[in-house]
Amino acid sequence: MVHIRFEGRSYDVSESQLGLTANMNDNIIKQRLAQHFDVQLNRFESYVIDRRPSGNLIVRPEAVYG
């Protein structure tokens, strides 16, 4: 499962819906997300992809503190 936080909303999408496999790097995942949301790739430029021990992915904006 891929949990995505995009533009203030949360989405849960299966890897198969995005065409993802376990060995894909962050850039490819961001490309697939941009295609899925029909937006430019640069919209995901500052996003972080967190790979959980369960195999799930969390895609979220980079946290800024301070």
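**Exercises on salt bridges and a buried lysine**

R51 is partly exposed, with a relative accessible area of 40%; buried denotes under 20%, exposed over 50%, and partly exposed the range in between, for a 1.4 Å probe and protein chains only. The model is predicted, so that local features require pLDDT of at least 70 and side-chain atom pairs pLDDT 80 or more, while totals for chains, interfaces and linings use all residues. Residues are numbered from 1 along each chain as its sequence is written, and side-chain values use heavy atoms, without hydrogens and water.

**Exercise 1.** Identify the salt-bridge partner of R51 and locate both residues.

*Solution.* Step 1: the criterion is a side-chain nitrogen of Lys or Arg within 4 Å of a carboxyl oxygen of Asp or Glu. Step 2: D26 meets this criterion, its closest O atom lying 2.6 Å from an N atom of R51. Step 3: R51 belongs to strand β3 and D26 to helix α2, 25 residues apart, and the pair links distant parts of the chain. Helices (H or I, at least four residues) and strands (E, at least two) are DSSP runs numbered from the N terminus. Step 4: D26 is partly exposed, at 30% relative accessible area.

**Exercise 2.** Describe the surroundings of K30 and its distance to the nearest side chain of opposite charge.

*Solution.* Step 1: K30 is in helix α2, which spans residues 26-37. Step 2: K30 is buried and has no salt bridge; D26, the nearest side chain of opposite charge, is 5.6 Å away. Here Lys and Arg count as positive, Asp and Glu as negative, and His and the chain ends are not counted. Step 3: a polar atom of the K30 side chain lies 3.0 Å from the backbone oxygen of Y47. Step 4: leaving aside residues up to four places away in sequence, K30 touches L41, F44, E45, Y47 and I49, where contact means heavy atoms within 4.5 Å.

Note on methods: A polar contact is a pair of N or O atoms within 3.5 Å; within protein, one must be able to donate a hydrogen and the other to accept it, and residues adjacent in sequence count only if both atoms are side-chain atoms.
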